[in-house]
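Please walk me through this protein model.

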Amino acid sequence: MKKLSASLVLVVVLAYGLFSFNTEAQFTSKPPPPLKLSDPLPANLFIELAKNVNPAVVNISTSAIARGARLRDPMMELFEQFYGVRPQQQPRTNKPQKLSLGTGFIIREDGLILTNNHVVQGADLIQVQLTENAEKTYDAKLIGSDARLDIALIKIDAGNKLPAVSLGTSKDIQVGEWVAAFGNPFGHGHSMTKGIISSMGRTLGEINKVPLIQTDASINPGNSGGPLVNAKGYVIGINQAIDARAQGIGFAIPIDDVKKILVDLESRGSIRKGYIGVSLGDLDPEAATHVGLDDDSGGAVIVGVEAGGPANMGGLKPYDIVLEVGGKKVKNSTDMMDAIADSNIGEKVKMVVQRDRKKVNLSVQIAERPSDLKLAQKLSKPQKSAAGQKAPNNFGFSLADLDDNLRDQWDIPPEVKKPIIIQVEQGTMASLAGLRAGDLILDVNKDEVTTAKDVFAKLKQKANTFRIARGNRIIVVTIAD
């Protein structure tokens with residue numbers, strides 16, 4: 001029986017830098033005085049919180065046109081990836097389809113609104129409703145966003161001053177403190193729930209760069225982007241996600257981490273990001289053993305290197321395994337991102353990598369991430385079109401060179417020139433290893449390919465490793481006896 005191993009990894013071509021901005025005057029209010037423990041909470045505490053906060057809470061709905069893939073609710077997709085919840089899919093169509101329902105809150109009287117990036121990501125149309133029963137909706141403009149922190153700024157023009165919340169501080173939060181969560185759960189507008197701070201500093205690197213606030217205040221799909229408020233009415237966090245395996249386990253982004261990037265998001269649309277020009281992957285235990293690492297050694301796999309980029313100039317190569325960055329041990333791709341994040345743009349960072357079972361010391365200079373448009377223009381070389389062909393040795397997939405029909409079907413831009421998998425047979429080695437129709441093959445057994453003919457020429461009978469581009473990800477799939 002064939003023994004198969006497949007490693008799926010996210011494309012990572014950026015890291016986060018360090019920021020120090022003076023945002024207090026623009027976005028925050030004076031921190032509230034400490035609560036005296038001897039004073040009883042007022043009986044109407046949550047009534048007053050609702051009166052003060054709800055007018056600044058808005059409902060956000062987004063729409064998008066499907067482009068080669070089915071649309072899915074972003075928060076539910078987050079749940080599926082990390083907590084096992086499966087969202088419903090919407091039928092493919094060329095008309096705008098509802099993408100998500102979420103929440104935001106006004107942080108300035110001119111209509112500047114804070115929300116989660118995953119609420120508005122990929123939207124062609126963002127609409128804001130100020131009250132649940134309001135007939136009027138406002139088209140919102142995306143001002144700036146950051147996917148790794150999951151924060152977005154949008155803006156509406158209501159023609160008049162709007163009520164705004166006060167941003168507090170999250171550094172003084174204590175476990176057991178009363179909080180209230182506001183939002184639009186499952187479309188039930190301007191809902192409020194109460195609870196306490198359950199824990200601080202929850203590290204969930206899969207969904208956020210920073211440690212999160214844990215609360216038992218009920219948070220549901222649609223609450224994303226809503227404010228988490230303390231007993232004084234100050235926003236201390238932004239509702240982000242839940243653990244769908246349990247009840248009463250919700251997570252919020254600390255407001256202090258958000259305030260650090262607000263000025264940059266508004267002024268330039270994004271934050272300055274460190275960049276070395278690589279795509280990263282993680283090792284599974286079987287692959288680690290294959291390359292001579294212990295099961296617990298970890299490391300981040302370089303699965304792609306931009307030609308002429310900082311990593312390329314520093315000597316990094318595809319299939320290098322990064323073990324240390326700046327003297328810090330790297331267990332996975334997230335560790336490497338965070339290590340780069342702790343480095344200043346322009347700084348030379350020392351790295352230890354394993355290459356062909358030997359350790360190599362390198363030095364890579366951190367650069368600032370170029371625009372997404374410039375990154376998109378750095379893909380492969382032209383090639384001639386060819387008909388689809390079935391792979392030899394019963395691997396179970398068929399391959400073709402891209403033509404206009406395949407580009408339209410899979411929404412692949414003209415500058416991408418790589419062979420595409422057009423069919424995968426169920427139960428075959430290709431299927432079990434994780435290959436899919438629509439995958440673009442970048443190289444086979446570490447040799448770059450530009451045509452289907454190249455792929456077939458480089459296939460071996462017993463073991464093959466493919467580097468695949470799938471949407472906005474690069475994955476490494478290994479098939480071995």
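Contact here means heavy atoms within 4.5 Å. N223 lies in the loop between β13 (212–215) and β14 (227–230). Helices (H or I, at least four residues) and strands (E, at least two) are DSSP runs, numbered from the N terminus. N223 has a relative accessibility of 3%, so N223 counts as buried. Buried means under 20% relative accessible area, exposed over 50%, and partly exposed in between, with a 1.4 Å probe and protein chains only.

The model is predicted: local features need pLDDT of at least 70, side-chain atom pairs count only at pLDDT 80 or more, and totals for chains, interfaces and linings use all residues. Residues are numbered from 1 along each chain as its sequence is written, and side-chain values use heavy atoms, with hydrogens and water left out.

Now the overall picture. The protein has 13 helices and 31 strands. Of its 481 residues, 48% are buried. Among contacts with a separation of 6 or more, 66% are between residues 24 or more positions apart. The accessible surface comes to about 23500 Å², and carbon and sulfur atoms hold 49% of that surface. These areas come from the Shrake-Rupley method with a 1.4 Å probe; for residues, only the protein chains shown count as cover.

Next, helix α2 (residues 45–53). Its residues L45, L49 and V53 are buried. They span an arc of only 45° around the axis, so they lie on the same side of α2. The arc is that of the directions from the helix axis to the C-beta atoms.

Aromatic rings come next. The whole structure contains 2 aromatic pairs. The ring centres of F46 and W178 are 5.6 Å apart and the planes stand at 75°, so this pair is edge-to-face. Rings of Phe, Tyr and Trp (its six-membered ring) pair if their centres lie within 6.5 Å; planes under 30 degrees apart count as stacked, over 60 as edge-to-face and the rest as tilted. F46 sits in helix α2 and W178 in strand β11, 132 residues apart. F46 is partly exposed, at 21% relative accessibility. W178 is also partly exposed, at 33%. F397 and F466 form an edge-to-face pair too, with 6.0 Å centre to centre and 90° between the planes. F397 belongs to strand β26 (residues 397–400) and F466 to strand β30 (residues 463–470), so this pair ties together parts 69 residues apart in sequence. Both F397 and F466 are buried.

The criterion is NZ of Lys or CZ of Arg within 6 Å of the ring centre and within 35 degrees of the ring normal. Likewise, the charged end of K136 sits over the ring of Y138, 4.9 Å from its centre.

How many salt bridges does the structure hold? There are 12. A salt bridge is a side-chain nitrogen of Lys or Arg within 4 Å of a carboxyl oxygen of Asp or Glu. E266 and R108 form one, with their closest N and O atoms 2.6 Å apart. E266 is in helix α6 (residues 262–268) and R108 in strand β4 (residues 97–108), 158 residues apart. E266 is partly exposed at 25% relative accessible area, whereas R108 is buried at 18%. D110 and K155 form another, at 3.9 Å from N to O. D110 lies in the loop between β4 and β5 (112–115) and K155 in strand β9 (residues 151–155), so the bridge ties together parts 45 residues apart in sequence. D320 and R355 also meet in a salt bridge, at 2.7 Å from N to O. Both D320 and R355 are buried. Salt bridges with shared partners join R108, D110, K155 and E266 into one network.

Finally, the backbone. Most residues other than glycine have a negative phi. D150 has a positive phi, near 60°. D150 is in the loop between β8 (141–146) and β9, and is buried at 5% relative accessible area. K446 has a positive phi near 75°, and is found in the loop between β28 (440–444) and β29 (447–448).
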